[in-house]
Amino acid sequence: MDYARTRIRYTYLYLAGSLGITAVTARTLFQSGFALRIAQTNPWLVFGVSFVGLIGSSMLTRAIPYENTIPKHLAWGTFCGIMGASVCPMVAVGGTILMQAAAATGTIVGSLSLVGAAAPEGTFSGMTGPLTVGLGCLLAASVGTMVFPTVGLLHNLVVYGGTGLFGLFVLHDTQRVMEQAKYQQKFDPISNCIGIYIDTMNIFINMVSILSSNHRR
(Lines give C-alpha, C1' and ligand atoms only; values in the text may rest on other atoms or scores of the structure.)
Protein backbone atom coordinates (compact mmCIF):
# COMPACT_ATOMS: atom_id res chain seq x y z
CA MET A 1 0.00 0.00 0.00
CA ASP A 2 2.97 2.32 -0.54
CA TYR A 3 1.13 4.03 -3.39
CA ALA A 4 -1.80 4.81 -1.07
CA ARG A 5 0.51 6.37 1.52
CA THR A 6 2.14 8.48 -1.20
CA ARG A 7 -1.27 9.68 -2.40
CA ILE A 8 -2.34 10.58 1.13
CA ARG A 9 0.93 12.43 1.75
CA TYR A 10 0.44 14.55 -1.37
CA THR A 11 -3.15 15.27 -0.35
CA TYR A 12 -2.03 16.66 3.01
CA LEU A 13 0.82 18.61 1.41
CA TYR A 14 -1.77 20.31 -0.79
CA LEU A 15 -3.91 20.90 2.32
CA ALA A 16 -0.96 22.65 3.98
CA GLY A 17 -0.39 24.65 0.80
CA SER A 18 -4.05 25.66 0.69
CA LEU A 19 -3.92 26.96 4.25
CA GLY A 20 -0.66 28.80 3.52
CA ILE A 21 -2.07 30.53 0.43
CA THR A 22 -5.18 31.50 2.39
CA ALA A 23 -3.18 32.97 5.29
CA VAL A 24 -0.84 34.97 3.03
CA THR A 25 -3.76 36.28 0.93
CA ALA A 26 -5.79 37.28 4.01
CA ARG A 27 -2.88 39.13 5.61
CA THR A 28 -1.85 40.87 2.38
CA LEU A 29 -5.39 42.04 1.59
CA PHE A 30 -5.94 43.21 5.16
CA GLN A 31 -2.79 45.32 5.05
CA SER A 32 -3.93 46.82 1.76
CA GLY A 33 -7.18 48.06 3.33
CA PHE A 34 -9.41 45.49 1.61
CA ALA A 35 -11.08 44.55 4.91
CA LEU A 36 -12.20 48.16 5.41
CA ARG A 37 -13.78 48.19 1.95
CA ILE A 38 -15.61 44.96 2.80
CA ALA A 39 -16.93 46.54 6.01
CA GLN A 40 -18.33 49.46 4.00
CA THR A 41 -20.06 47.18 1.48
CA ASN A 42 -23.59 45.77 1.76
CA PRO A 43 -23.25 42.52 3.78
CA TRP A 44 -25.68 40.68 1.48
CA LEU A 45 -23.51 41.59 -1.50
CA VAL A 46 -20.37 40.42 0.33
CA PHE A 47 -22.08 37.16 1.32
CA GLY A 48 -23.38 36.54 -2.21
CA VAL A 49 -20.10 37.28 -3.98
CA SER A 50 -18.11 35.20 -1.47
CA PHE A 51 -20.54 32.28 -1.64
CA VAL A 52 -20.72 32.21 -5.44
CA GLY A 53 -16.96 32.73 -5.77
CA LEU A 54 -16.09 29.91 -3.39
CA ILE A 55 -18.61 27.45 -4.81
CA GLY A 56 -17.73 28.29 -8.42
CA SER A 57 -13.96 28.12 -7.95
CA SER A 58 -14.15 24.87 -5.94
CA MET A 59 -16.31 23.25 -8.63
CA LEU A 60 -13.92 24.44 -11.33
CA THR A 61 -10.93 23.08 -9.40
CA ARG A 62 -12.56 19.68 -8.98
CA ALA A 63 -13.63 19.57 -12.63
CA ILE A 64 -10.15 20.05 -14.11
CA PRO A 65 -8.15 16.79 -14.36
CA TYR A 66 -5.02 16.64 -12.20
CA GLU A 67 -2.99 15.81 -15.32
CA ASN A 68 -3.87 19.25 -16.71
CA THR A 69 -1.25 20.71 -14.40
CA ILE A 70 -1.22 24.48 -14.98
CA PRO A 71 -5.00 25.12 -15.20
CA LYS A 72 -5.57 22.79 -12.23
CA HIS A 73 -3.09 24.65 -10.03
CA LEU A 74 -4.33 28.06 -11.19
CA ALA A 75 -7.91 27.10 -10.29
CA TRP A 76 -6.74 25.73 -6.92
CA GLY A 77 -4.79 28.91 -6.17
CA THR A 78 -7.79 31.05 -7.17
CA PHE A 79 -10.07 29.09 -4.85
CA CYS A 80 -7.67 29.48 -1.91
CA GLY A 81 -7.22 33.18 -2.76
CA ILE A 82 -10.98 33.77 -2.70
CA MET A 83 -11.15 32.03 0.67
CA GLY A 84 -8.35 34.30 1.91
CA ALA A 85 -10.22 37.37 0.69
CA SER A 86 -13.39 36.16 2.44
CA VAL A 87 -11.69 35.78 5.82
CA CYS A 88 -9.30 38.76 5.65
CA PRO A 89 -11.44 40.92 8.04
CA MET A 90 -10.68 38.36 10.77
CA VAL A 91 -7.05 39.53 10.82
CA ALA A 92 -8.35 42.53 12.82
CA VAL A 93 -8.90 40.38 15.94
CA GLY A 94 -5.14 40.23 16.48
CA GLY A 95 -2.35 37.72 16.32
CA THR A 96 -2.88 36.22 19.79
CA ILE A 97 -6.46 35.11 19.14
CA LEU A 98 -5.59 33.93 15.63
CA MET A 99 -2.72 31.80 16.93
CA GLN A 100 -4.91 30.33 19.68
CA ALA A 101 -7.65 29.60 17.12
CA ALA A 102 -5.10 27.99 14.78
CA ALA A 103 -3.76 25.80 17.62
CA ALA A 104 -7.29 24.75 18.64
CA THR A 105 -8.23 24.03 15.03
CA GLY A 106 -5.08 21.99 14.49
CA THR A 107 -5.81 19.94 17.60
CA ILE A 108 -9.44 19.31 16.60
CA VAL A 109 -8.76 18.49 12.95
CA GLY A 110 -5.66 16.43 13.74
CA SER A 111 -7.42 14.36 16.38
CA LEU A 112 -10.51 13.75 14.26
CA SER A 113 -8.38 12.90 11.22
CA LEU A 114 -6.60 10.20 13.24
CA VAL A 115 -9.97 8.79 14.33
CA GLY A 116 -11.26 8.85 10.74
CA ALA A 117 -8.13 7.17 9.42
CA ALA A 118 -8.18 4.44 12.07
CA ALA A 119 -11.91 3.63 11.86
CA PRO A 120 -13.11 0.65 9.77
CA GLU A 121 -13.94 1.48 6.16
CA GLY A 122 -17.43 2.85 5.67
CA THR A 123 -17.87 3.99 9.28
CA PHE A 124 -17.96 7.69 8.41
CA SER A 125 -17.76 7.84 4.61
CA GLY A 126 -21.39 6.73 4.37
CA MET A 127 -22.67 9.79 6.28
CA THR A 128 -22.95 12.00 3.18
CA GLY A 129 -26.77 12.28 3.26
CA PRO A 130 -27.22 13.34 6.90
CA LEU A 131 -24.23 15.70 6.72
CA THR A 132 -25.64 17.38 3.62
CA VAL A 133 -28.96 17.94 5.40
CA GLY A 134 -27.09 19.37 8.38
CA LEU A 135 -25.12 21.68 6.09
CA GLY A 136 -28.36 22.97 4.57
CA CYS A 137 -29.75 23.72 8.04
CA LEU A 138 -26.51 25.46 8.99
CA LEU A 139 -26.62 27.61 5.86
CA ALA A 140 -30.21 28.60 6.65
CA ALA A 141 -29.19 29.53 10.20
CA SER A 142 -26.26 31.58 8.84
CA VAL A 143 -28.64 33.55 6.63
CA GLY A 144 -30.91 33.92 9.67
CA THR A 145 -28.12 35.62 11.63
CA MET A 146 -27.94 38.25 8.88
CA VAL A 147 -31.70 38.81 8.93
CA PHE A 148 -31.95 38.73 12.75
CA PRO A 149 -28.48 39.80 13.98
CA THR A 150 -29.65 40.33 17.58
CA VAL A 151 -30.89 36.75 18.06
CA GLY A 152 -28.11 35.13 20.08
CA LEU A 153 -29.57 31.63 19.72
CA LEU A 154 -29.01 31.65 15.96
CA HIS A 155 -25.44 32.86 16.39
CA ASN A 156 -24.70 30.11 18.92
CA LEU A 157 -26.29 27.53 16.63
CA VAL A 158 -24.06 28.61 13.75
CA VAL A 159 -20.85 28.75 15.81
CA TYR A 160 -21.19 25.73 18.10
CA GLY A 161 -23.42 23.63 15.86
CA GLY A 162 -21.20 24.46 12.89
CA THR A 163 -18.09 23.36 14.79
CA GLY A 164 -19.71 20.02 15.60
CA LEU A 165 -21.00 19.56 12.05
CA PHE A 166 -17.67 20.31 10.40
CA GLY A 167 -15.99 18.03 12.93
CA LEU A 168 -18.17 15.23 11.55
CA PHE A 169 -17.25 16.34 8.04
CA VAL A 170 -13.55 15.93 8.97
CA LEU A 171 -14.25 12.30 9.92
CA HIS A 172 -16.21 11.77 6.70
CA ASP A 173 -13.74 13.48 4.38
CA THR A 174 -10.67 11.90 5.98
CA GLN A 175 -12.04 8.41 5.59
CA ARG A 176 -13.14 9.16 2.05
CA VAL A 177 -9.60 10.30 1.16
CA MET A 178 -8.17 7.11 2.66
CA GLU A 179 -10.55 4.91 0.68
CA GLN A 180 -10.02 6.74 -2.60
CA ALA A 181 -6.24 6.66 -2.13
CA LYS A 182 -6.48 2.87 -1.91
CA TYR A 183 -9.00 2.12 -4.62
CA GLN A 184 -9.25 5.01 -7.10
CA GLN A 185 -7.46 4.37 -10.37
CA LYS A 186 -6.74 8.05 -11.07
CA PHE A 187 -6.21 9.87 -7.79
CA ASP A 188 -6.38 13.67 -7.61
CA PRO A 189 -4.74 14.99 -4.40
CA ILE A 190 -5.92 18.57 -5.00
CA SER A 191 -9.59 17.63 -5.37
CA ASN A 192 -9.32 15.26 -2.41
CA CYS A 193 -7.82 17.91 -0.12
CA ILE A 194 -10.60 20.45 -0.78
CA GLY A 195 -13.14 18.84 1.55
CA ILE A 196 -10.77 18.72 4.53
CA TYR A 197 -9.56 22.24 3.70
CA ILE A 198 -13.11 23.64 3.80
CA ASP A 199 -13.78 21.76 7.07
CA THR A 200 -10.59 23.16 8.59
CA MET A 201 -11.35 26.73 7.55
CA ASN A 202 -14.89 26.61 8.94
CA ILE A 203 -13.70 25.21 12.27
CA PHE A 204 -11.00 27.90 12.40
CA ILE A 205 -13.54 30.67 11.72
CA ASN A 206 -15.75 29.33 14.53
CA MET A 207 -12.76 29.10 16.90
CA VAL A 208 -11.93 32.75 16.20
CA SER A 209 -15.55 33.71 16.95
CA ILE A 210 -15.60 31.74 20.22
CA LEU A 211 -12.24 33.05 21.42
CA SER A 212 -13.14 36.62 20.45
CA SER A 213 -16.39 36.41 22.44
CA ASN A 214 -14.57 35.02 25.47
CA HIS A 215 -11.92 37.75 25.20
CA ARG A 216 -14.56 40.50 25.24
CA ARG A 217 -16.14 39.20 28.46
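Trainee: Quick one. Is Asp188 buried or exposed?

Mentor: Buried. This is a predicted model, and Asp188 has a relative accessibility of 12% in it. Buried means under 20% here, so Asp188 qualifies.

Trainee: What does the side chain of Asp188 meet in a salt bridge?

Mentor: The side chain of Lys72, at 2.6 Å, N to O. The pair links distant parts of the chain, 116 residues apart. Lys72 is in helix 4, and Asp188 is in the loop between helix 7 and helix 8.

Trainee: And Lys72, buried or exposed?

Mentor: Lys72 counts as buried, at 0% relative accessibility.

Trainee: How many salt bridges are there?

Mentor: Three. One of them joins Lys182 and Glu121, with the closest N and O atoms 3.3 Å apart. Lys182 is in helix 7 and Glu121 is in the loop between helix 5 and helix 6, so to speak of sequence, 61 residues apart. Lys182 is partly exposed at 31%, and Glu121 is partly exposed at 45%.

Trainee: What about Arg5 and Asp2, how are they placed?

Mentor: Both lie in helix 1, three residues apart, about one turn of the helix. Arg5 is exposed, with a relative accessible area of 52%. Asp2 is exposed too, at 52%.

Trainee: Which residues does Tyr197 touch?

Mentor: Leaving out residues up to four places away in sequence, Tyr197 touches Leu15, Ser18, Leu19, Thr22, Phe79, Cys80 and Met83.

Trainee: Where is Thr105?

Mentor: In helix 5. Thr105 counts as buried, at 4% relative accessibility. A polar atom of its side chain lies 2.7 Å from the backbone oxygen of Ala101. Beyond four places in sequence, Thr105 touches residues including Ile203 and Phe204.

Trainee: Now the outside. Which residues form a nonpolar patch on the surface?

Mentor: Trp44, Val147, Phe148, Val151 and Leu153. Together they have about 500 Å² of accessible area.

Trainee: Where does Trp44 sit?

Mentor: In helix 3, residues 43-63. Trp44 counts as partly exposed, at 41% relative accessibility.

Notes: Residues are numbered from 1 along each chain as its sequence is written. This is a predicted model: local features need pLDDT of at least 70, side-chain atom pairs count only at pLDDT 80 or more; totals for chains, interfaces and linings use all residues. Side-chain values use heavy atoms; hydrogens and water are left out. Patches are made of residues with over 30% relative accessible area and no salt bridge: like charges are joined within 9 Å, nonpolar side chains (Val, Leu, Ile, Met, Phe, Trp, Tyr) within 5 Å. Accessible areas come from the Shrake-Rupley method with a 1.4 Å probe; for residues, only the protein chains shown count as cover. A salt bridge is a side-chain nitrogen of Lys or Arg within 4 Å of a carboxyl oxygen of Asp or Glu. Helices (H or I, at least four residues) and strands (E, at least two) are DSSP runs, numbered from the N terminus. Buried means under 20% relative accessible area, exposed over 50%, partly exposed in between (1.4 Å probe, protein chains only). Contact means heavy atoms within 4.5 Å. A polar contact is a pair of N or O atoms within 3.5 Å; within protein, one must be able to donate a hydrogen and the other to accept it, and residues adjacent in sequence count only if both atoms are side-chain atoms.
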